[in-house]
Amino acid sequence: DYDSVTLLPGRHLIRWKTWFGVSVLIEPSGFATRQSGHTLNLKAGHTYILKADRTTGPGYRTYLWVEDVQSVQVIAGEKKP
């Protein structure tokens, strides 16, 4: 529901959900949802972005992670290899 939010530095629990378009052979609706939650220690002056990606085909995997825009480092979750 939000494009961006501003939070004070410190520890925050971030919970989020994303949708993926998938084959109707995988999910009859054509969509799959995944959610994630992480406790993050946010730093003053930094910007963070929530990211998601997936593999394709049978047995597909989803990846949800939080990235520090300045350092381009994953601070939570798992980035797609």
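In which strand does W16 lie? W16 lies in strand β1. The model is predicted: local features need pLDDT of at least 70, side-chain atom pairs count only at pLDDT 80 or more, and totals for chains, interfaces and linings use all residues. Residues are numbered from 1 along each chain as its sequence is written, and side-chain values use heavy atoms, leaving out hydrogens and water.

**View 1. The protein chain has 5 strands and 0 helices.** Strands (E, at least two residues) and helices (H or I, at least four) are DSSP runs, numbered from the N terminus. The order from the N terminus is β-β-β-β-β. Along the principal axes, the C-alpha atoms fill a box of roughly 45 × 25 × 20 Å. Of the 81 residues, 23% are buried. Buried means under 20% relative accessible area, exposed over 50%, and partly exposed in between (1.4 Å probe, protein chains only).

**View 2. W16 is buried in β1.** W16 counts as buried because its relative accessibility is 13%. Leaving out residues up to four places away in sequence, W16 touches R34, Q35, S36, L50, K51, A52, L64, W65 and V66. Contact means heavy atoms within 4.5 Å. W16 and S36 are 20 residues apart along the chain, yet their C-alpha atoms are separated by 5.5 Å.

**View 3. I14, W16, L40, L42, L64, V66 and A76 form the largest nonpolar core.** Such a core is a set of buried Ala, Val, Leu, Ile, Met, Phe, Trp, Tyr and Cys residues joined through side-chain atoms within 4.5 Å. At least two residues of this core come from each of β1, β2 (31-42) and β4 (62-68). Beyond its neighbours within four places in sequence, V66 contacts residues including W16, L40 and A76.

**View 4. β4 and β5 form a hairpin.** The two strands pair in the antiparallel sense over 4 bridges, with β5 spanning residues 73-77. Pairing requires at least two DSSP bridges between strands. E67 stands opposite V74 in β5. Between the strands are 4 residues; V72 in the turn has a positive phi of about 55°.

**View 5. Y2, V5 and L7 form a nonpolar surface patch.** Together they have about 360 Å² of accessible area, by the Shrake-Rupley method with a 1.4 Å probe, where for residues only the protein chains shown count as cover. Y2 is found in the segment before β1 (10-21). Y2 is exposed because its relative accessible area is 69%. Nonpolar side chains (Val, Leu, Ile, Met, Phe, Trp, Tyr) are joined within 5 Å, like charges within 9 Å.

Note on methods:
Patches are made of residues with over 30% relative accessible area and no salt bridge: like charges are joined within 9 Å, nonpolar side chains (Val, Leu, Ile, Met, Phe, Trp, Tyr) within 5 Å. A salt bridge is a side-chain nitrogen of Lys or Arg within 4 Å of a carboxyl oxygen of Asp or Glu.
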